[in-house]
Amino acid sequence: MPYTAATVQLLSPEGTLVHSDASEQYLPYVEKLSDDALHEFHRHMVVMRRFDIESANLQRQGQLALWVPSHGQEAAQVGSASAAKPQDHLFPSYREHVIALMSGVDPITILSMFRGLSHGGWDPQDHDNFHLYTLVIGSQTLHATGYAMGLNLDGRVGTGDPDKDTAVIAYFGDGATSQGDVSEAMVFAASYQTPQVFFLQNNHWAISVPVSRQSRTPLYLRGEGFGIPSVQIDGNDVLASFAVTEANLDAARAGQGPRFIEALTYRMGAHTTSDDPSKYRDNSELEFWAQRDPITRFETFLRARGASQSFFDEIATEGDDLAADIRKRITELPVPASSTLFDHVYSDPHPVMDAQRQALADFEASFEEGH
Ligand SMILES: Cc1ncc(C[n+]2csc(CCOP(=O)(O)OP(=O)(O)O)c2C)c(N)n1
Ligand SMILES: [Mg+2]
(Lines give C-alpha, C1' and ligand atoms only; values in the text may rest on other atoms or scores of the structure.)
(Ligands and ions follow the chains in the order given, each with its own letter.)
Protein backbone atom coordinates (compact mmCIF):
# COMPACT_ATOMS: atom_id res chain seq x y z
CA MET A 1 0.00 0.00 0.00
CA PRO A 2 1.88 3.09 -1.17
CA TYR A 3 -0.44 5.68 0.41
CA THR A 4 0.46 7.10 3.81
CA ALA A 5 -1.66 8.90 6.41
CA ALA A 6 -0.31 12.12 4.93
CA THR A 7 -1.43 11.39 1.37
CA VAL A 8 -3.85 14.04 0.18
CA GLN A 9 -6.82 12.48 -1.56
CA LEU A 10 -9.93 14.48 -2.47
CA LEU A 11 -11.67 11.87 -4.59
CA SER A 12 -11.80 8.26 -3.44
CA PRO A 13 -11.38 5.37 -5.89
CA GLU A 14 -15.16 4.94 -5.47
CA GLY A 15 -15.70 8.41 -6.91
CA THR A 16 -16.84 10.22 -3.77
CA LEU A 17 -15.32 13.33 -2.16
CA VAL A 18 -13.04 12.65 0.78
CA HIS A 19 -13.33 14.75 3.94
CA SER A 20 -10.23 14.26 6.06
CA ASP A 21 -7.65 16.28 7.96
CA ALA A 22 -5.38 16.11 4.92
CA SER A 23 -8.07 17.08 2.39
CA GLU A 24 -9.97 19.85 4.19
CA GLN A 25 -7.71 22.78 3.24
CA TYR A 26 -7.76 21.79 -0.44
CA LEU A 27 -11.46 21.10 -0.97
CA PRO A 28 -12.30 24.82 -1.48
CA TYR A 29 -10.11 24.81 -4.60
CA VAL A 30 -12.41 22.16 -6.04
CA GLU A 31 -15.68 23.58 -4.78
CA LYS A 32 -15.12 26.76 -6.82
CA LEU A 33 -14.84 24.79 -10.09
CA SER A 34 -17.73 24.94 -12.55
CA ASP A 35 -19.23 21.85 -14.13
CA ASP A 36 -17.62 22.91 -17.40
CA ALA A 37 -14.17 22.98 -15.82
CA LEU A 38 -14.71 19.53 -14.29
CA HIS A 39 -15.91 18.20 -17.65
CA GLU A 40 -12.81 19.60 -19.27
CA PHE A 41 -10.61 17.57 -16.89
CA HIS A 42 -12.43 14.43 -17.95
CA ARG A 43 -12.32 15.25 -21.64
CA HIS A 44 -8.55 15.72 -21.52
CA MET A 45 -8.02 12.47 -19.64
CA VAL A 46 -10.23 10.38 -21.92
CA VAL A 47 -9.05 11.84 -25.21
CA MET A 48 -5.38 11.65 -24.23
CA ARG A 49 -5.68 8.04 -23.13
CA ARG A 50 -7.15 7.23 -26.53
CA PHE A 51 -4.21 9.04 -28.13
CA ASP A 52 -1.81 7.02 -26.01
CA ILE A 53 -3.43 3.69 -26.90
CA GLU A 54 -3.44 4.54 -30.62
CA SER A 55 0.21 5.57 -30.48
CA ALA A 56 1.18 2.28 -28.82
CA ASN A 57 -0.79 0.43 -31.52
CA LEU A 58 1.00 2.39 -34.24
CA GLN A 59 4.32 1.35 -32.77
CA ARG A 60 3.28 -2.31 -32.71
CA GLN A 61 2.24 -2.03 -36.34
CA GLY A 62 5.67 -0.70 -37.32
CA GLN A 63 4.60 2.91 -37.87
CA LEU A 64 6.60 4.28 -34.93
CA ALA A 65 10.08 3.27 -33.84
CA LEU A 66 9.20 3.68 -30.18
CA TRP A 67 6.38 4.79 -27.90
CA VAL A 68 6.53 6.02 -24.32
CA PRO A 69 3.12 5.33 -22.76
CA SER A 70 1.42 7.74 -20.38
CA HIS A 71 -1.49 5.36 -19.61
CA GLY A 72 -2.42 5.66 -15.93
CA GLN A 73 -0.81 9.05 -15.33
CA GLU A 74 -3.61 11.16 -16.80
CA ALA A 75 -4.90 12.61 -13.52
CA ALA A 76 -1.46 13.67 -12.31
CA GLN A 77 -0.84 15.44 -15.61
CA VAL A 78 -4.26 16.97 -16.31
CA GLY A 79 -4.84 18.20 -12.76
CA SER A 80 -1.45 19.82 -12.30
CA ALA A 81 -1.30 21.42 -15.76
CA SER A 82 -4.85 22.76 -15.37
CA ALA A 83 -3.68 24.64 -12.28
CA ALA A 84 -1.08 26.59 -14.27
CA LYS A 85 -1.82 30.15 -15.37
CA PRO A 86 -1.08 31.24 -18.95
CA GLN A 87 2.13 33.00 -17.87
CA ASP A 88 3.53 29.97 -15.98
CA HIS A 89 6.26 27.79 -17.52
CA LEU A 90 6.15 24.00 -17.59
CA PHE A 91 9.29 21.86 -18.00
CA PRO A 92 8.46 18.22 -18.88
CA SER A 93 10.53 15.07 -19.06
CA TYR A 94 9.39 12.79 -21.90
CA ARG A 95 6.13 11.17 -20.73
CA GLU A 96 3.98 14.29 -20.45
CA HIS A 97 2.06 13.76 -23.70
CA VAL A 98 -1.19 14.69 -22.01
CA ILE A 99 0.17 18.12 -21.06
CA ALA A 100 1.79 18.54 -24.46
CA LEU A 101 -1.56 18.12 -26.17
CA MET A 102 -3.29 20.36 -23.64
CA SER A 103 -0.66 22.99 -24.47
CA GLY A 104 -1.55 22.88 -28.14
CA VAL A 105 1.37 20.78 -29.37
CA ASP A 106 0.22 19.00 -32.52
CA PRO A 107 0.20 15.26 -31.71
CA ILE A 108 1.95 14.65 -35.03
CA THR A 109 4.90 16.70 -33.81
CA ILE A 110 5.36 14.21 -30.99
CA LEU A 111 4.75 11.19 -33.16
CA SER A 112 7.10 12.29 -35.93
CA MET A 113 9.89 12.24 -33.36
CA PHE A 114 8.98 8.69 -32.38
CA ARG A 115 8.78 7.76 -36.07
CA GLY A 116 12.37 8.96 -36.43
CA LEU A 117 11.54 11.81 -38.79
CA SER A 118 12.52 14.73 -36.57
CA HIS A 119 14.49 15.55 -33.46
CA GLY A 120 11.30 16.84 -31.94
CA GLY A 121 10.74 20.26 -30.54
CA TRP A 122 8.34 23.15 -30.64
CA ASP A 123 8.46 26.78 -29.68
CA PRO A 124 7.36 27.01 -26.02
CA GLN A 125 6.15 30.57 -26.62
CA ASP A 126 3.54 29.27 -29.06
CA HIS A 127 2.53 26.38 -26.80
CA ASP A 128 1.48 27.77 -23.43
CA ASN A 129 5.13 27.92 -22.29
CA PHE A 130 5.37 24.13 -22.41
CA HIS A 131 9.08 23.51 -22.84
CA LEU A 132 10.81 20.75 -24.78
CA TYR A 133 10.91 17.08 -23.89
CA THR A 134 14.12 16.10 -22.13
CA LEU A 135 15.42 12.57 -22.40
CA VAL A 136 18.42 13.19 -20.16
CA ILE A 137 16.90 12.17 -16.86
CA GLY A 138 16.39 15.02 -14.43
CA SER A 139 18.18 17.73 -16.40
CA GLN A 140 14.96 19.67 -16.98
CA THR A 141 14.71 20.30 -13.24
CA LEU A 142 17.87 22.41 -13.52
CA HIS A 143 16.47 24.25 -16.54
CA ALA A 144 13.29 24.91 -14.57
CA THR A 145 15.15 26.16 -11.52
CA GLY A 146 17.34 28.40 -13.67
CA TYR A 147 14.24 29.81 -15.31
CA ALA A 148 12.62 30.37 -11.93
CA MET A 149 15.75 32.15 -10.65
CA GLY A 150 15.43 34.42 -13.68
CA LEU A 151 11.81 35.18 -12.82
CA ASN A 152 12.95 36.39 -9.41
CA LEU A 153 15.60 38.60 -11.02
CA ASP A 154 13.05 39.99 -13.48
CA GLY A 155 10.73 40.99 -10.64
CA ARG A 156 7.93 38.71 -11.78
CA VAL A 157 7.26 37.25 -8.34
CA GLY A 158 5.31 38.55 -5.37
CA THR A 159 4.13 41.80 -6.99
CA GLY A 160 0.51 41.03 -6.20
CA ASP A 161 -0.45 41.43 -9.87
CA PRO A 162 -2.23 38.17 -10.76
CA ASP A 163 -1.37 38.51 -14.45
CA LYS A 164 2.29 39.20 -13.83
CA ASP A 165 3.39 36.93 -11.01
CA THR A 166 4.77 33.78 -12.60
CA ALA A 167 5.77 30.31 -11.46
CA VAL A 168 7.40 27.25 -12.96
CA ILE A 169 6.55 23.56 -12.78
CA ALA A 170 9.28 20.96 -13.18
CA TYR A 171 7.97 17.47 -14.01
CA PHE A 172 10.16 14.47 -13.25
CA GLY A 173 9.95 10.82 -12.27
CA ASP A 174 10.77 8.72 -9.22
CA GLY A 175 13.92 7.42 -10.89
CA ALA A 176 15.04 10.97 -11.58
CA THR A 177 15.18 11.69 -7.85
CA SER A 178 18.31 9.51 -7.74
CA GLN A 179 19.96 11.77 -10.28
CA GLY A 180 22.34 14.47 -9.01
CA ASP A 181 20.72 17.10 -11.20
CA VAL A 182 17.48 16.89 -9.24
CA SER A 183 19.23 17.35 -5.90
CA GLU A 184 21.19 20.27 -7.31
CA ALA A 185 18.01 21.85 -8.63
CA MET A 186 16.46 21.61 -5.17
CA VAL A 187 19.54 23.08 -3.50
CA PHE A 188 19.42 26.12 -5.77
CA ALA A 189 15.65 26.41 -5.56
CA ALA A 190 15.77 26.43 -1.76
CA SER A 191 18.75 28.82 -1.63
CA TYR A 192 17.24 31.32 -4.05
CA GLN A 193 13.64 30.76 -2.95
CA THR A 194 12.56 30.28 -6.54
CA PRO A 195 8.91 30.47 -7.63
CA GLN A 196 8.50 26.85 -8.63
CA VAL A 197 6.77 23.57 -7.98
CA PHE A 198 8.70 20.32 -8.26
CA PHE A 199 6.05 17.90 -9.50
CA LEU A 200 7.17 14.32 -9.08
CA GLN A 201 5.13 11.65 -10.83
CA ASN A 202 6.01 8.62 -8.76
CA ASN A 203 4.82 5.91 -11.14
CA HIS A 204 6.68 3.37 -9.02
CA TRP A 205 9.19 2.25 -11.63
CA ALA A 206 12.34 3.56 -13.26
CA ILE A 207 12.35 1.11 -16.16
CA SER A 208 12.86 -2.16 -14.20
CA VAL A 209 13.96 -0.64 -10.89
CA PRO A 210 11.17 -0.26 -8.30
CA VAL A 211 10.94 2.94 -6.32
CA SER A 212 11.33 0.89 -3.13
CA ARG A 213 14.94 0.27 -4.14
CA GLN A 214 15.62 3.91 -5.03
CA SER A 215 14.41 5.41 -1.78
CA ARG A 216 13.97 4.08 1.75
CA THR A 217 11.75 7.03 2.59
CA PRO A 218 8.62 8.34 0.89
CA LEU A 219 9.98 10.65 -1.79
CA TYR A 220 8.14 13.75 -0.64
CA LEU A 221 10.37 13.69 2.44
CA ARG A 222 13.29 14.22 0.07
CA GLY A 223 11.91 17.70 -0.67
CA GLU A 224 11.55 18.40 3.05
CA GLY A 225 15.22 17.52 3.50
CA PHE A 226 16.12 20.43 1.25
CA GLY A 227 13.92 22.77 3.24
CA ILE A 228 11.19 22.76 0.61
CA PRO A 229 7.61 22.39 1.92
CA SER A 230 6.46 19.10 0.45
CA VAL A 231 3.24 17.16 0.13
CA GLN A 232 2.28 13.70 -1.06
CA ILE A 233 -0.93 13.33 -3.05
CA ASP A 234 -2.96 10.59 -4.65
CA GLY A 235 -1.76 11.20 -8.18
CA ASN A 236 -4.65 9.23 -9.67
CA ASP A 237 -7.06 11.77 -8.25
CA VAL A 238 -7.38 14.63 -10.71
CA LEU A 239 -9.02 16.85 -8.07
CA ALA A 240 -6.13 16.47 -5.62
CA SER A 241 -3.65 16.99 -8.40
CA PHE A 242 -5.41 20.21 -9.43
CA ALA A 243 -6.09 21.63 -5.98
CA VAL A 244 -2.71 20.94 -4.41
CA THR A 245 -0.85 22.20 -7.46
CA GLU A 246 -2.93 25.38 -7.55
CA ALA A 247 -2.33 26.05 -3.86
CA ASN A 248 1.39 25.52 -4.27
CA LEU A 249 1.69 27.56 -7.47
CA ASP A 250 -0.12 30.40 -5.72
CA ALA A 251 2.43 30.27 -2.92
CA ALA A 252 5.32 30.16 -5.37
CA ARG A 253 3.99 33.12 -7.40
CA ALA A 254 3.46 35.09 -4.17
CA GLY A 255 7.17 34.78 -3.38
CA GLN A 256 6.97 32.09 -0.72
CA GLY A 257 9.61 29.96 -2.43
CA PRO A 258 9.61 26.49 -3.97
CA ARG A 259 7.25 23.61 -3.25
CA PHE A 260 7.46 19.86 -3.83
CA ILE A 261 4.54 17.58 -4.74
CA GLU A 262 4.88 13.81 -4.89
CA ALA A 263 2.00 12.40 -6.93
CA LEU A 264 1.53 8.69 -6.30
CA THR A 265 0.52 7.16 -9.59
CA TYR A 266 1.36 4.12 -11.67
CA ARG A 267 2.82 3.36 -15.06
CA MET A 268 0.20 0.92 -16.34
CA GLY A 269 2.11 0.14 -19.51
CA ALA A 270 5.69 -0.70 -20.28
CA HIS A 271 8.44 1.86 -19.71
CA THR A 272 8.57 2.13 -23.49
CA THR A 273 7.50 -0.27 -26.21
CA SER A 274 11.08 -1.65 -26.10
CA ASP A 275 10.50 -2.91 -22.59
CA ASP A 276 8.72 -6.04 -21.31
CA PRO A 277 7.50 -5.37 -17.75
CA SER A 278 6.25 -8.95 -17.32
CA LYS A 279 9.91 -9.84 -16.77
CA TYR A 280 10.15 -7.86 -13.56
CA ARG A 281 6.76 -6.99 -12.06
CA ASP A 282 3.82 -8.84 -10.72
CA ASN A 283 0.30 -8.80 -12.13
CA SER A 284 -1.14 -8.27 -8.65
CA GLU A 285 0.43 -4.82 -8.66
CA LEU A 286 -1.31 -3.97 -11.93
CA GLU A 287 -4.58 -5.18 -10.45
CA PHE A 288 -4.14 -2.92 -7.40
CA TRP A 289 -3.67 0.15 -9.59
CA ALA A 290 -6.34 -0.79 -12.11
CA GLN A 291 -8.80 -0.52 -9.23
CA ARG A 292 -7.56 3.01 -8.64
CA ASP A 293 -7.81 4.14 -12.23
CA PRO A 294 -7.96 7.93 -12.56
CA ILE A 295 -10.60 8.00 -15.29
CA THR A 296 -13.03 5.46 -13.85
CA ARG A 297 -13.35 7.23 -10.52
CA PHE A 298 -13.80 10.63 -12.09
CA GLU A 299 -16.50 9.32 -14.42
CA THR A 300 -18.38 7.95 -11.39
CA PHE A 301 -18.04 11.33 -9.70
CA LEU A 302 -19.31 13.24 -12.75
CA ARG A 303 -22.25 10.88 -13.29
CA ALA A 304 -23.29 11.36 -9.66
CA ARG A 305 -23.23 15.13 -10.30
CA GLY A 306 -25.56 14.65 -13.25
CA ALA A 307 -23.28 14.55 -16.28
CA SER A 308 -25.27 13.21 -19.22
CA GLN A 309 -24.54 10.13 -21.29
CA SER A 310 -24.24 12.35 -24.35
CA PHE A 311 -21.21 14.06 -22.75
CA PHE A 312 -19.43 10.73 -22.31
CA ASP A 313 -20.39 9.68 -25.85
CA GLU A 314 -19.07 12.94 -27.28
CA ILE A 315 -15.65 12.68 -25.68
CA ALA A 316 -15.35 9.01 -26.70
CA THR A 317 -16.04 10.11 -30.29
CA GLU A 318 -13.53 12.93 -29.97
CA GLY A 319 -10.92 10.37 -28.89
CA ASP A 320 -11.74 8.07 -31.81
CA ASP A 321 -11.56 10.98 -34.24
CA LEU A 322 -8.16 11.99 -32.89
CA ALA A 323 -6.95 8.39 -33.19
CA ALA A 324 -8.15 8.18 -36.81
CA ASP A 325 -6.59 11.54 -37.59
CA ILE A 326 -3.12 10.67 -36.26
CA ARG A 327 -3.20 7.26 -37.95
CA LYS A 328 -3.90 8.93 -41.28
CA ARG A 329 -1.46 11.80 -40.90
CA ILE A 330 1.49 9.81 -39.57
CA THR A 331 1.65 7.56 -42.62
CA GLU A 332 1.43 10.58 -44.94
CA LEU A 333 4.43 12.37 -43.41
CA PRO A 334 7.23 12.88 -45.94
CA VAL A 335 10.63 11.41 -45.11
CA PRO A 336 13.08 14.30 -44.83
CA ALA A 337 16.39 14.24 -46.68
CA SER A 338 19.09 12.73 -44.48
CA SER A 339 21.10 15.96 -44.81
CA THR A 340 18.53 17.74 -42.60
CA LEU A 341 20.09 15.82 -39.72
CA PHE A 342 22.73 18.54 -39.53
CA ASP A 343 20.48 21.57 -39.96
CA HIS A 344 19.75 22.48 -36.36
CA VAL A 345 22.89 21.42 -34.53
CA TYR A 346 24.12 25.02 -34.64
CA SER A 347 22.09 28.09 -35.45
CA ASP A 348 24.85 29.39 -37.78
CA PRO A 349 26.71 27.49 -40.54
CA HIS A 350 29.50 25.40 -39.07
CA PRO A 351 32.50 23.83 -40.89
CA VAL A 352 32.33 20.56 -38.96
CA MET A 353 28.65 20.16 -39.85
CA ASP A 354 29.44 20.97 -43.48
CA ALA A 355 32.12 18.27 -43.52
CA GLN A 356 29.82 15.71 -41.92
CA ARG A 357 26.96 16.55 -44.28
CA GLN A 358 29.31 16.04 -47.25
CA ALA A 359 30.68 12.78 -45.82
CA LEU A 360 27.14 11.41 -45.46
CA ALA A 361 26.26 12.51 -49.01
CA ASP A 362 29.39 10.78 -50.37
CA PHE A 363 28.60 7.63 -48.40
CA GLU A 364 25.03 7.49 -49.70
CA ALA A 365 26.21 8.18 -53.26
CA SER A 366 28.56 5.19 -52.99
CA PHE A 367 25.51 2.90 -53.12
CA GLU A 368 24.38 4.29 -56.44
CA GLU A 369 24.92 2.38 -59.68
CA GLY A 370 28.43 2.53 -61.10
CA HIS A 371 30.20 2.79 -57.70
C1 LIG B 1 21.06 10.79 -17.35
C2 LIG B 1 20.33 9.56 -17.79
N3 LIG B 1 20.62 8.38 -17.20
C4 LIG B 1 19.97 7.26 -17.60
C5 LIG B 1 19.04 7.31 -18.60
C6 LIG B 1 18.32 6.05 -19.02
N7 LIG B 1 16.93 6.09 -18.57
C8 LIG B 1 15.93 6.43 -19.41
S9 LIG B 1 14.44 6.41 -18.66
C10 LIG B 1 15.10 5.95 -17.18
C11 LIG B 1 14.23 5.74 -15.97
C12 LIG B 1 13.58 6.98 -15.49
O13 LIG B 1 12.63 6.69 -14.52
P14 LIG B 1 11.71 7.78 -13.88
O15 LIG B 1 12.50 9.00 -13.55
O16 LIG B 1 10.97 7.14 -12.77
O17 LIG B 1 10.70 8.20 -15.06
P18 LIG B 1 9.58 7.33 -15.79
O19 LIG B 1 10.25 6.75 -17.02
O20 LIG B 1 9.11 6.29 -14.84
O21 LIG B 1 8.52 8.29 -16.19
C22 LIG B 1 16.48 5.80 -17.29
C23 LIG B 1 17.37 5.39 -16.20
C24 LIG B 1 18.79 8.57 -19.20
N25 LIG B 1 17.89 8.71 -20.18
N26 LIG B 1 19.43 9.67 -18.78
MG1 LIG C 1 9.11 6.28 -12.77
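Asn283 is found in helix α11, which spans residues 283-290. Helices here are DSSP runs of H or I with at least four residues, strands are runs of E with at least two, and both are numbered from the N terminus. The model is a predicted one: local features need pLDDT of at least 70, side-chain atom pairs count only at pLDDT 80 or more, and totals for chains, interfaces and linings use all residues. Residues are numbered from 1 along each chain as its sequence is written, while chains are lettered from A and ligands numbered from 1 in the order in which they are written.

Asn283 is exposed, with 10 other C-beta atoms within 10 Å. Burial is judged from C-beta atoms placed from the backbone: a residue is buried if 20 or more others lie within 10 Å of its own, exposed if 12 or fewer, and partly exposed in between. The C-alpha atom of Asn283 is separated by 42 Å from that of Leu341, a residue 58 places away along the chain.

Arg292 lies in the loop between α11 and α12 (294-304). This residue has 22 C-beta neighbours inside 10 Å and therefore counts as buried. Leaving aside neighbours within four places in sequence, Arg292 is in contact with Pro13 and Asn236. Contact requires C-beta atoms, placed from the backbone, to lie within 7 Å.

The chain as a whole contains 14 helices and 7 strands. Its radius of gyration is 22 Å, close to the 21 Å that the globule rule gives for 371 residues, so the chain is as compact as a globular protein of that length. The radius is taken over C-alpha atoms, and the rule is 2.2 Å times the number of residues to the power 0.38. Along the principal axes, the C-alpha atoms fill a box of roughly 80 × 50 × 40 Å. Of the 371 residues, 41% count as buried. Among contacts between residues at least 6 apart in sequence, 77% join residues at least 24 apart.

The domain assignment gives domain 1 (27-332) and domain 2 (338-371). Such bounds come from an automatic or database domain assignment. The centres of domain 1 and domain 2, taken over C-alpha atoms, are 38 Å apart.

An open sheet of 5 strands is present, with parallel pairing and the order β1-β2-β3-β7-β6. Its edge strands are β1 (89-91) and β6 (230-234), each pairing on one side only. Neighbouring strands of the sheet are turned by 20° against each other on average, direction ignored. Two strands count as paired if DSSP finds at least two bridges between them. Strands β1 and β2 run parallel and are joined by 3 bridges. Within this pair, His89 has Val168 in β2 as its bridge partner. Strand β2 (residues 168-173) is joined to β3 (residues 196-202) by 6 bridges, and these strands also run parallel. Tyr171 stands opposite Phe199 in β3. Helix α10 (residues 238-253) packs on the sheet, touching β3, β6 and β7 (259-264), and its direction makes about 170° with that of β7. Axes are lines fitted to C-alpha atoms, for helices over the stretch in contact, and angles run from 0 to 180 degrees between N-to-C directions.

In β2, 6 of the 6 residues are buried, so the strand is largely enclosed by the rest of the structure. Both faces are covered: Val168, Ala170 and Phe172 are buried on one side, and Ile169, Tyr171 and Gly173 on the other.

The largest nonpolar core has 77 residues. A nonpolar core is a set of buried Ala, Val, Leu, Ile, Met, Phe, Trp, Tyr and Cys residues joined through C-beta atoms within 7 Å. The residues with the most contacts inside this core are Ile169, Ala170, Phe199, Ala240, Val244 and Ile261. Helix α10 gives the most to the core, with 9 residues. Val244 touches Val8, Tyr26, Val231, Ile233 and Ile261, not counting residues up to four places away in sequence.

Most residues other than glycine have a negative phi. Gln193, not a glycine, has a positive phi of about 45°. Gln193 is found in the loop between α7 (180-192) and β3, and counts as partly exposed with 19 C-beta neighbours inside 10 Å. Ile207 has a positive phi near 50°. Ile207 lies in the loop between β4 (205-206) and β5 (209-210), and is partly exposed, with 13 other C-beta atoms within 10 Å.

Note on methods: Two residues are in contact if their C-beta atoms, placed from the backbone, lie within 7 Å.
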